[in-house]
Amino acid sequence: MMKPLDIAIAGCGVAGLSAAVLLRAQGARVVIFDQFESPRPLGSGIIMQPVGMAVLDEIGCGDALRGLGAPITRLHGRNTPGQNVVLDVRYDARGANAESGLGVHRGALFQVLYDAARAAGAEIESGRSVASANDGRLHFTGGTQSARFDLVIDALGARSSLSTPAERPLPFGALWASLDWHESFAPDALEQRYLDARKMAGVMPIGRLQGRARNQAAFFWSLKHEARDAWAAADLDAWKAEVRALWPATEPLLAQINSHDDLVFAVYSHRTLSSPLSRDVVHVGDSWHTTSPQLGQGANMALLDALALARALTWQSDLSAALDEYARLRLWHIRLYQAASWMFTPAYQSDSKAFALLRDWIMAPVSRIPPAPQILAGLVAGQIGAPLSAMRD
Ligand SMILES: Cc1cc2nc3c(=O)[nH]c(=O)nc-3n(C[C@H](O)[C@H](O)[C@H](O)COP(=O)(O)OP(=O)(O)OC[C@H]3O[C@@H](n4cnc5c(N)ncnc54)[C@H](O)[C@@H]3O)c2cc1C
């Protein structure tokens, strides 16, 4: 085991906060730097998978999040106009006692991790926009720099200034909103409707934010990156009519959207660095690997990265050996899931009729033949490749 390290974490998101809690528990001094002025519960919904919940249990905030989120037992999608079921993944295909997913508000996840990091004694410096890093220091926009640390962790997310940028965004992103829950939707499912792969709407329960009584739904609408400006300039009612035509049951959700500003456009990109080790930093979460959220894995992968890094730093007596071990613990799981996300995304978000036909006439029927339901459930749960088994203490 090494002497307790002085660690700088750039980025106060899922990866940064979870790494902070785990590293503090091992005796490290941890300072997190983020550009935000004060912590904010922002964004819409996210599915926490059983692998991610296992890491949150290790951190000590799994039950707090379960108390806020909504269990999701299946992912269910129908094409239109046929209304055929073309996506049907059930978590219990892995066994009656298999853990479900958990739909959560992104702000709820942030809050439980932020509280845990504060309670663990992590220092958090806000208003620090990270521009670069070298020789154990972070350099901030405006010309200031941090003290020198033994290790700098890059947890700045998909557009990290310390990582290699993705070449270009994926053609499709999505509009997202957190809206009041409505009982016309299944309370325990992520539901989607498709027109080929060109149009997609989705609704999932996400429970509530800390201190709020009202349960919410995440609503999303697939939109091409290049169509974003035209959408923002067009009549909102015309867009609502388009959504309603695809999925009439969304009416009570659409009624809560009063302006374009009630929706946030999320840009998706796909990029995997060949190694999490750069000359001056080690990457965790989206700064290492980012993809479309079609498989719902990014936050869960960020949690697994944080756990792997913490484990490697306790198991090895030398920093460079520990960083190599971290890469080894995560590499294959990340490659597998990045490849799966890359393969599945066009079946749900693309202009290609062929991908939609493949989804409806090949993938959907094959997915019902054993052992496909078990494999798909394991894939969605984040458990293919048994990422946690090599990390048992
Ligand atoms: C629309 C959408 C839906 C998703 N759905 C799911 C899902 O269902 N399940 C799932 O597991 N994952 C999902 N993801 C992916 C998931 O959100 C990410 O993988 C996860 O948030 C990555 O965590 P991170 O800590 O690496 O980055 P982030 O959570 O993005 O955190 C990065 C932090 O760095 C800060 N930062 C960035 N740049 C700077 C800078 N220059 N200086 C200082 N601070 C900076 C930011 O303020 C932020 O606090 C979804 C993503 C999107 C966009």
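1. Start at the sheet. D154 has H283 of β18 as its bridge partner. Strand β11 (residues 151-154) and β18 pair in the parallel sense over two bridges. Two strands pair if DSSP finds at least two bridges between them. Strands here are DSSP runs (E, at least two residues), and helices are runs of H or I of at least four; both are numbered from the N terminus.

2. On provenance: this is a predicted model, in which local features need pLDDT of at least 70, side-chain atom pairs count only at pLDDT 80 or more, and totals for chains, interfaces and linings use all residues. Residues are numbered from 1 along each chain as its sequence is written.

3. The β11-β18 pair belongs to an open sheet of five strands, ordered β8-β2-β1-β11-β18, with parallel pairing.

4. The largest nonpolar core has 116 residues, and A10, A19 and I153 touch the most other members. Such a core is a set of buried Ala, Val, Leu, Ile, Met, Phe, Trp, Tyr and Cys residues joined through C-beta atoms within 7 Å. Helix α8 gives this core its largest share, 12 residues.

5. A19 deserves a look. Beyond its neighbours within four places in sequence, A19 contacts I9, I153, A155, V284, A306, L309 and A310. Contact means C-beta atoms, placed from the backbone, within 7 Å.

6. Next, the ligand. Of the 30 residues around it, G11, G13, G157, G285 and G298 come nearest. A residue counts as near if its C-beta atom, placed from the backbone, lies within 6 Å. The elements giving two or more residues to this shell are α1 (14-25), β3 (45-48) and α8 (298-315). The largest share, four residues, is from α8.

7. Helix α4 (residues 106-120) has 15 residues and reaches 21 Å from first C-alpha to last, close to the 21 Å expected at 1.5 Å a residue. The expected span is 1.5 Å times one less than the number of residues. Of its 15 residues, 11 are buried, including F110, V112 and Y114. Buried means 20 or more other C-beta atoms within 10 Å of a residue's own; exposed means 12 or fewer; partly exposed lies in between; C-beta atoms are placed from the backbone. Just after α4, G121 takes a positive phi of about 95°.

8. A96 lies in the loop between β6 (85-90) and β7 (101-105). A96 is exposed because 5 other C-beta atoms lie within 10 Å. Its C-alpha is separated by 39 Å from that of A122, 26 residues apart along the chain.

Terms used: Two residues are in contact if their C-beta atoms, placed from the backbone, lie within 7 Å.
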